[in-house]
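Here is a short briefing on a protein model.

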Amino acid sequence: MLQVHFIRENKQMVLDGLAKRNFANAETIVDQVLTADENRRKTQVFLDEALAESNKLSKEIGNFFKSGEKQKATLLKEKSGQLKEKSKEMAVSLQAFSDELQRLLYQIPNVPHASVKAGNSEADNEEIYKEGSIPVLGENAIPHWELAKKYDIIDFELGTKIAGAGFPVYKGKGARLQRALINYFLDKNTKAGYTEIQVPHLVNEASGIGTGQLPDKEGQMYHVGEDDLYLIPTAEVPITNIFRGNLVQESDFPITYTGYTPCFRREAGSYGSHVRGLNRLHQFDKVEIVRVEHPENSYQALNGMVEHIKDILRELKLPYKILRLCGGDTGFTAAITFDFEVFSTAQDRWLEISSASNFENFQANRLKLRFKNKEGKSELAHTLNGSSLALPRVLAAILENYQTEDGIQIPEVLIPYCGFDVIN
RNA sequence: AGAGAGGUGGCCGAGUGGUCGAAGGCGCACGCCUGGAAAGUGUGUAUACGGCAACGUAUCGAGGGUUCGAAUCCCUUCCUCUCUGCCA
C-alpha cells in the first residue's frame with residue numbers, strides 16, 4: 001500500500017508509474033484518494049475541536065462537583081450532551097472517509113522502479129542476462145513427464161487419485177532428488193548468511209493482508225473455512241509477516257531469512273497444454289529467501305540476491321536467463337521484479353524458476369514494519385524476497401537437460417545430497 | 001472440546017471512575033564520573049493523525065455500551081496462558 005502523503009506529494013510520479021503498468025483509471029482513483037484524504041483530514045479537524053471542547057467541559061464539571069456547585073455542573077452537563085451528539089455524527093463520517101481511503105489505497109499497486117519499462121504482458125519483459133549453454137540432446141530425448149513415467153519417479157495419476165490434478169506423487173529417486181534439492185538450496189542460502197527458519201504453512205487473514213494477497217486475491221489461495229486460515233502460496237507470506245507490526249532497530253539490518261515450505265496455489269483459470277507435467281502445480285516445494293532492509297540499501301540487497309541465485313544456477317549447470325519484468329507483468333506489490341528462467345530442453349521452453357523482487361515500503365506500510373532512523377523517527381523498512389528456488393521446474397529442467405541413453409545424470413553438486421549419480 | 005486466568009509503552013510490569021498517556025524497572029540516547037571501560041549517577045525516551053508551530057485529538061487486544069468523564073464498570077468478540085480431555 002502506498003502512503004497517502006506520498007501520493008499527495010508525488011501525484012504525477014505515481015500516475016506515470018501506474019501508466020507503466022497499464023493500470024486502468026489511474027487518474028480517477030488517485031483523485032478519489034486525494035479527495036477522500038482531504039475529507040478525512042477536514043472532518044478530523046472538526047471532530048478534534050469538538051472533542052477538545054468536550055474534554056474541557058468534563059474537567060469543569062468535575063471541578064464544580066468537587067466544590068459543591070451542583071447547579072453549574074448540571075448546566076454544563078446539558079451542553080456536554082449536545083456536544084456529544086454532534087461529535088458522534090462527525091466520528092461516523094470520519095470513519096466513512098477513512099474506510100473509503102483505505103479501500104481505495106488497497107486497489108493501487110506499487111509504483112514501478114525507474115528502470116522498469118512500460119508494457120502490458122510477458123511479451124514486453126526485457127532480457128537482461130543470459131548464461132549457460134543449451135545441451136544438444138539425442139534423437140530420442142523426451143519431455144520430463146515421459147521421463148518421470150519411464151523411470152517411475154513421479155506419478156501424476158496417483159496424485160490425481162488421492163488429491164486431484166496438480167498434486168504429483170514423487171517416488172524413489174524422484175523423491176530423494178526433491179529432498180536433495182531442498183537441502184542443497186538451504187545449505188547454499190545458509191552459507192550466504194541467511195538464517196534458516198521453519199514457519200507455519202497456514203496463515204491468518206491479517207498475514208494475507210500484510211503481504212498483499214488479501215484483499216482481492218482470495219481466489220488464488222486455498223482457504224480452510226472452519227478455522228478461517230489460508231494455505232500459503234509462498235513462504236514469503238509467513239516469513240515476511242514475522243515482522244508485522246514490528247519496530248526494529250537500525251542495527252538489526254540486514255534481516256535475512258531462508259525457509260523451505262510447500263506452496264499451495266489454486267491457479268484458477270490456468271489450463272491447457274502449457275500446464276503439463278511439473279510446469280504448473282497446485283502444490284509444489286520452494287525454498288525462499290526474504291530480506292528486511294534499510295531503504296538506502298534495498299537495491300544493493302536486491303542485486304546481491306540476484307547474484308546469489310545466479311550462483312546456484314551456475315552450480316546446477318542449467319542454462320538460464322534473467323528478465324526484468326515490464327510494468328504490466330510486475331506483481332501488484334513489487335516495485336521491480338527479476339524473473340529467472342531455465343531452459344527445459346526437451347520441451348524447448350523457458351521455465352520461470354525464481355523471481356526476486358524489491359517491494360520497497362509497499363508491504364512494510366501494510367505490515368507497519370518500521371525502524372528507528374538516525375533522527376529517532378520511525379520509518380518504514382524495505383522488504384524483498386526471492387525464490388532460491390522453486391523445485392518442480394528445476395526438476396523438470398534437470399530431468400530433460402541431463403537425460404542420456406543410459407539414464408538421467410545427476411548434476412555434480414547434487415550427488416552428495418542424493419547418494420546416487422544417475423537415475424536409470 | 002470443558003474449567004480457570006490474563007491481554008497495558010521497544011520489553012517487563014503497576015494501576016478498579018477525574019489528579020493516568022499511564023508508577024517502577026529493563027533497554028536505548030545524551031551528560032557526569034574514569035587514563036579508557038565497567039559499575040555508579042543525572043536527564044531524556046510510546047505511536048498515529050491534524051497543524052509552519054504552540055498545540056490539539058485518538059490509542060491500555062478489537063468492537064459496542066453506561067457516564068459530564070473509562071486502562072478502570074457492563075456486553076460482544078478475538079487471542080494467549082494454565083489445568084482436564086483428546087492426540088502426533
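A nonpolar core is a set of buried Ala, Val, Leu, Ile, Met, Phe, Trp, Tyr and Cys residues joined through side-chain atoms within 4.5 Å. Buried means under 20% relative accessible area, exposed over 50%, and partly exposed in between (1.4 Å probe, protein chains only). This is a predicted model: local features need pLDDT of at least 70, side-chain atom pairs count only at pLDDT 80 or more, and totals for chains, interfaces and linings use all residues. Residues are numbered from 1 along each chain as its sequence is written, chains are lettered from A and ligands numbered from 1 in the order in which they are written, and side-chain values use heavy atoms, with hydrogens and water left out.

**Nonpolar cores**

- The largest nonpolar core has 59 residues. Those with the most contacts inside it include Ile154, Phe185, Leu313 and Leu389.
- Helix H10 (residues 298–316) gives the most to this core, with eight residues. Helices (H or I, at least four residues) and strands (E, at least two) are DSSP runs, numbered from the N terminus.
- Leu313 is in contact (heavy atoms within 4.5 Å) with Leu318, Tyr320, Phe340, Val342, Ile353 and Leu389, leaving aside its neighbours within four places in sequence.
- Another core, of 21 residues, lies apart from the largest one. Leu2, Ala36, Leu104 and Tyr106 are among its residues.

**Aromatic pairs**

- The whole structure holds nine aromatic pairs. Rings of Phe, Tyr and Trp (its six-membered ring) pair if their centres lie within 6.5 Å; planes under 30 degrees apart count as stacked, over 60 as edge-to-face and the rest as tilted.
- Tyr184 and Phe185 form a tilted pair, 5.6 Å centre to centre with 45 degrees between the planes. Tyr184 is buried at 3% relative accessible area. Phe185 is buried too, at 0%.
- Tyr320 and Phe340 are stacked, because their planes lie at 25 degrees, with ring centres 6.2 Å apart.
- That pair links distant parts of the chain: Tyr320 is in strand S11 (residues 320–324) and Phe340 in strand S12 (residues 336–344), 20 residues apart.
- Tyr320 is buried at 1% relative accessible area, and Phe340 is buried at 0%.
- Ring pairs join Tyr129, Tyr320 and Phe340 into a cluster.

**Charges over rings**

- A charge sits over a ring if NZ of Lys or CZ of Arg is within 6 Å of the ring centre and within 35 degrees of the ring normal.
- Lys310 has its charged end over the ring of Tyr129, 3.8 Å from the centre.
- Lys173 has its charged end over the ring of Phe420, 4.8 Å from the centre.

**Domains**

- Chain A is assigned domain 1 (4–105) and domain 2 (122–423); the bounds come from an automatic or database domain assignment.
- The centres of domain 1 and domain 2, taken over C-alpha atoms, are 44 Å apart.
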